[in-house]
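Biologist: I am new to this structure. Could you walk me through how to read it?

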Amino acid sequence: ERLIQIRAGLTRKVPEPGGRPFRAALCLLPSGTGVVCLDVDALFVDGHGLALLLAQWELLYERDDARLPDGGGVRDLLRPRPERQRSADLAYWRDRLRGAPPGPAVGAPRDAGSTLRVPLTGRLGSRTWAALCERAKDAGVSPGSLILAIFADALDPDRPFSLIVTTSARLRLPAAAAHVLGPFTSSAIVVAGGGVRDVHDQVWTAMDHDAVSGVDVLRDMRSVRRPEVAFTSLLGLGPDGRMDAGFGRHITYELGQASGVLLDCQVWERNGELRLRWDVAIGRLPVGLPEAAFARFLNALHAAATPEATPGDPLNALQQGYFVARQGPGRPWNGCQIYKTMQVPGLDPERLGETLVRLIDAYPALRTWIDADGVRRVRAKAPDRWHLPVIDLAGLPDPAGALTEMREEMTRRAFR
């Protein structure tokens with residue numbers, strides 16, 4: 001409990017002007033195990049740099065004769081871009097963002113003043129991750145772009161929206177920059193909703209116009225509201241393209257925060273697996289929304305890694321009628337679904353998900369969906385795992401009311 005308090009204290013403190021860009025503490029547990037708590041100011045260190053820091057820290061800890069590589073100074077690598085390029089990129093972003101849609105519909109804030117943030121975490125095993133990479137290769141996109149498209153669909157599948165995509169300037173820096181800690185992070189604004197190919201093209205085009213940050217341009221364009229959702233891919237970053245070098249392989253808890261961002265999706269590779277984390281301002285979002293959206297995201301990734309679906313039988317007349325009705329633009333109560341609540345004491349969430357996978361594998365009806373053209377498609381097998389969102393209502397002032405809101409939200413939204 002004391003460890004949790006220390007961790008919460010570190011993550012909620014804002015660095016003071018003139019203070020150090022990091023805080024560290026060593027906590028000794030009754031078992032004799034030492035837990036290192038580290039909080040780093042992201043104004044000065046990016047994700048790659050933090051992985052490098054953990055790798056080099058262990059190296060110096062383990063070996064007295066260790067020497068750090070000389071990658072040059074940060075100032076030399078962060079020279080201002082030519083004014084001509086900055087002006088051209090500024091014009092690009094102003095034109096690109098004019099008329100851009102707002103961020104995803106995440107509902108009315110529960111507590112606009114809440115500072116509580118929590119991580120929602122998941123993973124894809126090495127075989128599932130390799131299969132997902134193959135799907136991306138077949139589609140002619142990067143794995144990060146495929147994950148970004150699935151992330152966007154999990155948040156709001158009904159309309160296009162803007163979101164922040166974190167980019168790294170390290171891709172255009174000399175190879176020696178891989179050994180330097182520094183703030184090499186920038187950002188782009190991407191409009192989701194046009195499919196994975198469109199998202200992929202937007203990200204790579206944005207990287208050709210990175211002399212200015214998309215978020216910086218938004219700050220000057222008062223007519224466009226800055227999105228409150230971000231996507232950060234750390235794939236391929238870290239020492240030798242790994243985020244698990246040195247002390248990094250011992251990480252047991254992570255949490256990030258950025259001003260004005262309610263939800264940041266971070267993805268990286270560790271020990272051959274895909275790791276996923278949503279840093280969520282949980283108190284400022286509707287009850288259950290982040291957990292349910294994260295479950296949709298994780299389950300969609302597992303589904304995308306399963307063998308391609310095959311066309312099934314045509315829809316019958318009744319199915320066609322319901323399908324056409326629920327394709328309307330955002331009208332509530334236009335679906336065809338059945339909602340039930342079951343109160344069962346002592347449920348094990350992990351076992352509940354495992355047994356649901358067995359049911360999905362047994363019945364083609366649970367592996368079936370209808371695409372945008374009205375064609376029924378059936379996956380050959382169930383995904384390896386199925387994530388059930390666990391939503392803790394115990395600490396809320398009105399748990400029964402929150403449960404009612406969740407029920408109404410589930411029943412009013414048509415299946416897509």
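Modeller: Let us start with helix α7 (residues 196-207), which lies across β4 and β5 and runs at about 150 degrees to β5. Helices (H or I, at least four residues) and strands (E, at least two) are DSSP runs, numbered from the N terminus. Axes are lines fitted to C-alpha atoms, for helices over the stretch in contact (heavy atoms within 4.5 Å), and angles run from 0 to 180 degrees between N-to-C directions. This is a predicted model, where local features need pLDDT of at least 70, side-chain atom pairs count only at pLDDT 80 or more, and totals for chains, interfaces and linings use all residues. Residues are numbered from 1 along each chain as its sequence is written, and side-chain values use heavy atoms, leaving out hydrogens and water.

Biologist: In what sense do β4 and β5 pair?

Modeller: Strands of a sheet pair through backbone hydrogen bonds, either parallel or antiparallel. Here, β4 (residues 161-168) and β5 are antiparallel, over eight bridges; DSSP must find at least two bridges for strands to pair. Phe-161 has Ala-192 in β5 as its bridge partner.

Biologist: What is the strand order of the open sheet?

Modeller: Its six strands follow the order β3-β8-β7-β6-β4-β5, with mixed pairing. At the edges, β3 (118-124) and β5 (185-192) each pair on one side only.

Biologist: What is the phi of Asp-240?

Modeller: Most residues other than glycine have a negative phi. Asp-240, however, has a positive phi near 55 degrees, and its place is the loop between β6 and β7.
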